[in-house]
Amino acid sequence: MQLFRKITAFDFLGWRKTAMIISGFLIVVSIASLVFRGLNFGIDFTGGTLVEVGYPDAVEVEEARDLLIGNGLEDAVVQHFGTPQDILVRLPSIALSEDGGAVKLSSRVMEVLRQPYDETLIDTSSLSTQQCVSGGTVSDCRIQMRRVEFVGPQIGDELANQGGLAVLYALLGILIYVTFRFEWRFAVGSIVALIHDVVITVGMFALLQLEFSLPVLAAVLAVIGYSLNDTIVVCDRIRENFRKMRKSDVIEIMNRAINQTLPRTLLTSLTTLLVIITLLTLGGEVIRGFSFALLIGVLIGTYSSIFVASPTILVLGIKREDMLPVQKEGKSAEP
Amino acid sequence: MLNQTEWWRYLIVTVVVAVGIFYAVPNLFGSDPGIQIRGARGLSLDSNLLGRVEAILSNNEIAFKSLSQDENNIKIHFDETATQLKSKKLLESELGNSYSLALTLLPNAPDWMSDIGALPMYLGLDLRGGVHFLLQVDMDSAIQRQVQNAVDGIRSTLREERIRYRRIVANEDGTILADIRNPEQRKEASDILERDFLELQIDNAASNEAALVISLRPERIDEIREAALEQNRVALRNRVDQLGVAEPIVQQQGADRIIVQLPGVQDTARAKEILGRAATLEMRMVDEENNAAALEASQSPPGSRLYRFRDGRRILLEKRVIYSGDNIIDAAASLDHNGGPIVSITLDSTAATINSRITGENIGNRMAVVYQEIVSRIRTDDDGSPILNDQGLPERMTERVEEVLTAPVIRAQLGKRYQIEGIGSINEARDLALMLRAGALAAPVEIIEERTVGPSLGQANIDQGVLSVIAGLILVMVFMIVYYRIFGVVALTALSLNLVLIVSVLSLLQATLTLPGVAGIVLTVGMAVDANVLIFERIREEIRNGNTPQASIHLGYDRALSTIVDANITTLIAALVLFNFGTGPIKGFAVTLSIGILTSMFTAILFSRVIVNGIYGGKIVKRLSI
């Protein structure tokens, strides 16, 4: 099976104005969302406490919330998580337990939620379930603590800084490598495409007010890697064509390269999207945000390697002569 | 003839595949519920313990699968969790306090495999369940303590040298102010201090005519920090051992943080209680001379400070610390003949000498045990609502809680061993003994991050992860076979081998596999075919250009190579940045992503070529099934 019988001859660069309008629109929406709605940072960045609790049967969110608020945890935010039997309790870092330490809040939350079931966790080291004592007998707890995350505010600030730095370092490293292997216009073109992808992916999270957590940040960095992969493949072909198609003009050469790599670009995106969709549907609630960031990123990344990177290189004024010295270098550096 | 594989390629591929499969195999054996026995406080196990354990189990008719001993551990495998729990209770009561018993999952792989490092993958806490703590060490407190020591030293030295001073005090910024009474002696004082205190430096610019401004040398501060971190790490390790956890991890992170990971721990409240209790103990003399007057006036004379007991009573103690919890080797709680709780303490030799001298000079006086704890609070205004800073975050402050536990009268000269009386209850005595025994912290710690995953969620995460990997793999495989036919089969063989190699490398490195790590593997499945897609598309192109099938295969692999390397190296750059920046789970993602990129280059370029050559190489081919 083949997507295209022959090498296609789409005039991708001819559509660069349309592409610019689309990209411009997406970026304006993204930046506006970031500025006016802001990111919905998860506790990884804001600090705070999060407790995921499993009930034996479906549970009403209001019930749990009233119980928590009635017991001095006024700041508790409760929502369902995945199934009606699971709830997620969040407490901002500002919330305090009686002794002033936030780290003990999670134990307090569990204690309060167990009250109506008249059970108390006993200190046990069973590896499969949590055991409670209820009415004098020991048995598996009916309410199970699934997950607790507590992040102190100092950590949150640090992570936010480091996260921003990580994105910068990744971009810088790539800029250097691509300049060394290709030419500065290619490097700038790739970076413009990457920034385009990162801004839109993060912008989507702001627009939809999805939680921006540490795994989501990791996904953004993975998107940088992925999108670049795509762009490099196109750039590589452009370089090769400059060498071979001595008589064609720049636009023709670049168009040809994009068309030659088009089946590969679409195919790899497709296989990657297939696994991302399995992650999204089967991977569980915890990595949903992560998978979603990848989904957006791969879609945008595929688009940008065709419609953003190459036009940028063109606009920067690439000429055949620019490729000549690098051609030699590229050849000798080839393994 | 084109496309025949050189012998050395066969060799490389065969060796890598064989080694890869071998190291991946231990993951197939699964694990048993088990018990791990270690000597408490790092003691080694005696040789007849194995026989004792076996006897205890068989006397009580408990069936176990196997029993083995290595250097530091005895490991017992069981068939089911119920027997495991029963045995632990039994063994605990029979073996007593000198051993630490932990429930754990023991890998089932044969011993000869584990002996050559073929172990199952090391699962992160989000997959196996357990708790992860990040603790911040309060370095200021450790430094401040040394500054106070220096103040005491300077005072006694100047006294000995007959240089009179108005006051010598430690400032809050860590500097010491020495106010010399006679300005003419300033030079002399400064010379003496420079001669006797190598760890101190005198800031001549900040000093004026009479007063010297002294501070610790930066090298000394670094030393204090390092020592404090190391001692805290050891102390935390000892405390963790008291909790009975298998395979705990206690390691340094950065300059002032320590990670503690406790796999399988359910109830984190007790763990936090034991770890987070940033208690240090200090022994100080009661300033009997000024005590009454100071209580009256609510004002302390220089060199002393007012402290409170738990019940609010006040007492005047000397600022000088006689010795601290670090010097305590052992501590045990018991009841004395009157039924009152006591803690028996054994000191190291340094503290024993000091103790003997001080108590000899002070019979009839009181010596106080001061308990220090650091707590982090949010600043509140008068109405009790939190004060926010510029960024809208609540402002925090750390506060030192100091409490006099007891101030017993010294009845006789004490030495290496002595007892503390007057403790509230036997439970309090037990906790105090545990804290003293486990080793005091050189500086208080605060838990700044906690991530706990319950065992049911851990298992669910594993199941979902495995399901996603398999489902993703099947989807990609079906797609590749439909799209590339025989070459699709080649690609999916390469892809499957890639998975085996990732598992194998993770097992070999014993790198931690986390949930994001599993996501990284799934993502690799999608991206790893990219190299094959690049090659196959290139082969198709070459065929279209009119090349023969054999030449097309050759050119396809050849021309796609540099593209693949470029594309993968840039992705690797992103993965490495991720690895350097990331903590815990994110690192896991970066690790699997990096390994996946490297193994996929091997499988897609070298391995798939060998297979393609095996199918088409060395003969005349009319058309390719691509």
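In the predicted model, the centres of domain 1 and domain 2 of chain A, taken over C-alpha atoms, are separated by 42 Å. The domain assignment places residues 13–43 and 153–333 of chain A in domain 1, and residues 48–151 in domain 2. Contact between the two domains involves 5 residues of domain 1 of chain A and 7 residues of domain 2 of chain A. On the domain 1 side, helix α5 (residues 153–181) of chain A gives the most, with 3 residues. By residue class, this side of domain 1 of chain A comprises 3 nonpolar, 1 polar and 1 charged residues.

Between the chains, the contact takes 74 residues from chain A and 78 residues from chain B. Helix α13 (residues 455–484) of chain B supplies the largest share of the chain B side, 15 residues. The side of chain B that touches chain A consists of 46 nonpolar, 20 polar and 12 charged residues. Strand pairing also links the two chains: strand β8 (residues 144–151) of chain A and strand β22 (residues 445–453) of chain B run in the antiparallel sense over 5 bridges. Within β22 of chain B, B:E450 stands opposite A:F150.

The largest nonpolar core contains 205 residues, and those touching the most other members are A:A170, A:A218, A:V220, A:L221, A:L294, B:L495 and B:L578. Helix α7 (residues 214–244) of chain A provides the largest share of this core, 18 residues. Beyond residues up to four places away in sequence, B:L578 touches A:A166, A:A218 and A:L221 of chain A, together with B:I586, B:F589 and B:A590 of chain B. Another core, of 31 residues, lies apart from the largest one and includes B:A368, B:A429, B:L432 and B:L436.

In chain B, B:Q146 is found in helix α6 (residues 139–160). With neighbours within four places in sequence left aside, B:Q146 is in contact with B:L216 and B:I224. B:M113 and B:Q146 are 33 residues apart along the chain, and their C-alpha atoms are separated by 51 Å.

As regards confidence, the model scores ipTM 0.84 and pTM 0.77. Chain B averages a pLDDT of 82, and 91% of the residues score at least 70.

How values were computed. Residues are numbered from 1 along each chain as its sequence is written. Chains are lettered from A and ligands numbered from 1 in the order in which they are written. This is a predicted model: local features need pLDDT of at least 70, side-chain atom pairs count only at pLDDT 80 or more; totals for chains, interfaces and linings use all residues. A nonpolar core is a set of buried Ala, Val, Leu, Ile, Met, Phe, Trp, Tyr and Cys residues joined through C-beta atoms within 7 Å. A residue is buried if 20 or more other C-beta atoms lie within 10 Å of its own, exposed if 12 or fewer, and partly exposed in between; C-beta atoms are placed from the backbone. Helices (H or I, at least four residues) and strands (E, at least two) are DSSP runs, numbered from the N terminus. pLDDT is the predictor's confidence in each residue, from 0 to 100. Domain bounds come from an automatic or database domain assignment. Ala, Val, Leu, Ile, Met, Phe, Trp, Tyr, Cys and Pro count as nonpolar, Asp, Glu, Lys and Arg as charged, and the others, Gly among them, as polar. Two strands pair if DSSP finds at least two bridges between them.
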